[in-house]
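Work through the exercises below with the model at hand. Each task is followed by a solution in steps.

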Amino acid sequence: MKKILITGANSYIGTSFEKWLQKWPKDYSIDSIDMKDGSWETKDFSKYDVVFHVAGIAHVSTDPNMEDLYYKVNRDLTIETAKKAKADRARQFIFMSSIIVYGDSSHINHKRVIDKNTVPKPSNFYGRSKLEAEEGILPLQDDNFNVVVIRPPMIFGKGSKGNYPKLAKMAQKLPMFPDIKNERSMLHIDNLCEFIRLMIVNEERGMFFPQNREYVGTSELVKLIAEAHGKKIILTKVFNGPLRLMGKFTRAVNKAFGNLVYEKSMSEYKENYRVMDLKEAVIKTEN
């Protein structure tokens, strides 16, 4: 039986992962701990095989007053937790980083493809705090301590935050939606949870880039969400010209319709972790 400690109680990913492992009650034992009150510093990590670190500030903020907090939580807390895990002789430390370490520059008018040679270049202190956390924990790896860094793209699923729920609301309310051909890497929460499980089972180490098998277009996604609710939505190209023009000046347009993908070979793994395709994932998320 693998004994796992989730650092970051009540987090979306941590809670989802704990529920996922309930399918194998004899194979995994899971505890979680709140990292906010400092009690984790006196907790004994030695009884755990794996420390899965999901504690952190997950949203992007441009408020300069938040910068110190981002570094304190996303970078410093991660490094301190990893050092404790190693000192207490846990065998594996798994850290949830983000595609945001490459910057958030996606654009409606051109495609950006990240491959294994792409150098991280964060464009905000959220991305920098994640990257500096990676740089702080990877050197801790040795023959007795495996470090896994996961850089997922946008994660979606029932109860997720971010762009997906905003698109879901529009899909249910709007009679028509722009027909833009863009591509984004995304990852359904079930696919992520299975990927993390395989990281533990196979005692992996290193950097990983999981994503859904299919790239996702915003218009296609909105149509699938509408269909999941039994609603028809008309996709029209009438707005394409103005939107592409606005994309030169407006961040919101690029955030909604931009192109940003991982090159697909980066995300292949020796075992299948994609338990859901896009249509199945949308149906499960909406219902």
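A salt bridge is a side-chain nitrogen of Lys or Arg within 4 Å of a carboxyl oxygen of Asp or Glu. The model is predicted, and by this rule the count comes to 14 salt bridges.

**Exercise 1.** Decide how Asp142 and Lys86 are paired, and state what the pair ties together.

Step 1. The closest N and O atoms of Asp142 and Lys86 are 3.1 Å apart. The cut-off is 4 Å, so the pair is a salt bridge.

Step 2. Asp142 sits in the loop between helix H3 (125-137) and strand S6 (146-150), while Lys86 belongs to helix H2 (residues 67-87). The pair therefore ties together parts that are 56 residues apart in sequence.

Step 3. Buried means under 20% relative accessible area and exposed over 50%, with partly exposed in between. Asp142 has 28% and so is partly exposed; Lys86, with 29%, is partly exposed as well.

**Exercise 2.** Which residues are linked with Arg75 in a network of salt bridges?

Solution. The network links Arg75 with Asp76 and Glu132. As a general point, side chains of opposite charge can pair when their charged atoms come close.

**Exercise 3.** Place Ser106 in the chain and describe its surroundings.

Step 1. Ser106 is found in the loop between strand S4 (92-96) and strand S5 (111-114).

Step 2. Its relative accessibility is 10%, so Ser106 counts as buried.

Step 3. Setting aside neighbours within four places in sequence, Ser106 is in contact with Arg184, Asn254, Gly258, Asn259 and Leu260. For Asn254, the backbone oxygen is reached by the side chain of Ser106 at 3.3 Å.

**Exercise 4.** Starting from Thr236, follow the polar contact to Val238 and identify the surface patch that includes Val238.

Step 1. Thr236 is in strand S11. With a relative accessible area of 17%, Thr236 is buried, because buried means under 20%.

Step 2. Not counting residues up to four places away in sequence, Thr236 touches Met176, Phe177, Pro178 and Asp179.

Step 3. A polar atom of the Thr236 side chain lies 3.1 Å from the backbone nitrogen of Val238. Val238 is in the loop between strand S11 (234-236) and helix H7 (240-246).

Step 4. Val238 counts as exposed because its relative accessibility is 57%. Together with Met176, Ile234 and Phe239, Val238 forms a nonpolar patch on the surface, and the four have about 370 Å² of accessible area together.

Note on methods. Residues numbered from 1 in each chain as written. Predicted model: local features only at pLDDT ≥ 70, side-chain atom pairs only at ≥ 80, totals over all residues. Heavy atoms only, no water. Patch = residues over 30% accessible without salt bridge, like charges linked within 9 Å, V, L, I, M, F, W, Y side chains within 5 Å. Areas by Shrake-Rupley, 256 points an atom, 1.4 Å probe, with all protein chains shown as cover. Helix = DSSP H or I, 4+ residues; strand = E, 2+ residues; numbered from the N terminus. Buried < 20%, exposed > 50% of the residue type's maximum accessible area, 1.4 Å probe, protein only. Polar contact = N/O pair within 3.5 Å; in protein donor to acceptor, adjacent residues only side chain to side chain. Contact = heavy atoms within 4.5 Å.
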